[in-house]
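Here is a short briefing on one protein model. Look at the structure first, then work through the points below.

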Amino acid sequence: MRRLAILGSTGSIGTNTLEVVAAHPDRFKVTALAARANLDLLEAQVRRHAPRLVSVATEASARELRRRLGRTLTEVGWGVTGLLQAATDTGGDLVVSAIVGGAGLLPTLGAIEAGKDVALANKESLVMAGHLVTAEAQRRGVRILPVDSEHSAVFQCLGGREASLLSRIVLTASGGPFRARPRETFVRITPEEALKHPNWAMGKKITIDSATLMNKGLEVIEAHWLFGLPVNKVDVIIHP
Ligand SMILES: NC(=O)c1ccc[n+]([C@@H]2O[C@H](COP(=O)([O-])OP(=O)(O)OC[C@H]3O[C@@H](n4cnc5c(N)ncnc54)[C@H](OP(=O)(O)O)[C@@H]3O)[C@@H](O)[C@H]2O)c1
């Protein structure tokens with residue numbers, strides 16, 4: 001039985017993770033959930049999975065969630081302290097790091113320092129501080145399991161063999177919603193158009209990063225840290 005702390009449980013990655021948990025109750029138990037402010041969904045997730053702790057971004061949200069949860073035994077935390085507690089202190093042995101953006105870094109590092117394996121979706125942790133995250137993981141003998149699909153594919157191709165065997169990684173990109181659009185019309189692109197990804201339903205930040213192809217740049221950096229290849233050995237090909 002794997003005991004999971006899911007950080008970012010109300011997001012695209014978080015809700016998909018909870019679907020997998022729900023499909024395999026004999027294999028996974030949720031010990032902690034954390035998100036920012038989606039209290040309706042968090043309340044439902046707590047009632048369904050009965051974690052030891054749930055954490056939200058602010059004290060006001062924590063108070064409201066506590067009120068809604070009534071007599072349920074789940075402890076309610078908030079802020080960075082709550083996030084770190086969710087990542088380190090609830091008996092989980094695998095931390096799913098699926099918060100979006102820079103807020104994911106501290107709990108990811110905290111989990112590693114506490115000796116927990118990390119299923120890493122929060123690529124921003126590696127982009128911002130790959131040198132710290134990978135060094136700490138090595139020092140603690142902790143595994144970082146890539147959740148980002150391209151990196152997960154490389155990880156699965158390796159099948160347990162050393163990443164030092166890799167000579168080159170090629171990341172594919174769909175090219176996003178504006179691949180065939182004439183460049184001179186780019187100034188009229190609206191946020192709504194940029195949020196329509198041709199292949200995937202994901203959170204807003206990664207969808208916008210995909211539309212601008214910035215996401216592929218972040219993925220190159222992520223691959224560099226995850227697999228120890230120099231950046232010039234990580235190629236990108238647009239392959240819709
Ligand atoms: N979606 C994908 O298919 C995909 C694929 C590859 C990689 N990723 C990576 O996975 C990460 C999550 O992406 P996503 O698409 O799942 O994002 P998302 O749908 O926007 O969800 C973000 C999650 O982070 C939580 N959150 C945001 N700020 C927070 C804070 N300050 N403290 C605590 N929780 C906070 C949100 O809570 P609220 O709902 O309460 O705001 C939500 O649970 C990103 O780093 C992304 O690059 C995603």
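Ala, Val, Leu, Ile, Met, Phe, Trp, Tyr, Cys and Pro count as nonpolar; Asp, Glu, Lys and Arg count as charged; the others, Gly among them, count as polar. Keep in mind that this model is predicted.

**The second largest pocket**
- The second largest pocket holds about 720 Å³ of space.
- Its lining has 19 residues. Ile144, Glu162, Ala163, Leu226 and Phe227 lie nearest the centre.
- By class, the lining has ten nonpolar, six polar and three charged residues.

**The nonpolar cores**
- In soluble globular proteins, nonpolar side chains tend to be buried together.
- The largest nonpolar core has 32 residues. Leu7, Ile112, Val133, Ile144, Ile169, Phe227 and Val234 touch the most other members.
- A second, separate core has 23 residues, including Phe28, Leu33, Val76 and Leu94.
- What does Phe227 contact, beyond its neighbours within four places in sequence? Its partners are Pro146, His151, Val154, Phe155, Leu158, Ala163, Leu166 and Ile169.

**Two residues with positive phi**
- Ala50 is in the loop between α2 (39–49) and β3 (53–56). Its phi is near 45 degrees, a positive value in a residue other than glycine.
- Ala50 counts as partly exposed because its relative accessibility is 48%.
- Leu213 is in the loop between α9 (204–211) and α10. Its phi is near 70 degrees, again positive in a residue other than glycine.
- Leu213 has a relative accessible area of 35%, so it is partly exposed.

Conventions: Residues numbered from 1 in each chain as written. Predicted model: local features only at pLDDT ≥ 70, side-chain atom pairs only at ≥ 80, totals over all residues. Heavy atoms only, no water. 1 Å grid on protein atoms, 1.4 Å probe; cavity = no way out; pocket = protein on both sides within 12 Å on 5 of 7 lines; lining within 4 Å. Points joined across faces, edges and corners; volume = space filled by probe spheres on them. Core = buried A, V, L, I, M, F, W, Y, C linked by side-chain atoms within 4.5 Å. Buried < 20%, exposed > 50% of the residue type's maximum accessible area, 1.4 Å probe, protein only. Contact = heavy atoms within 4.5 Å. Helix = DSSP H or I, 4+ residues; strand = E, 2+ residues; numbered from the N terminus.
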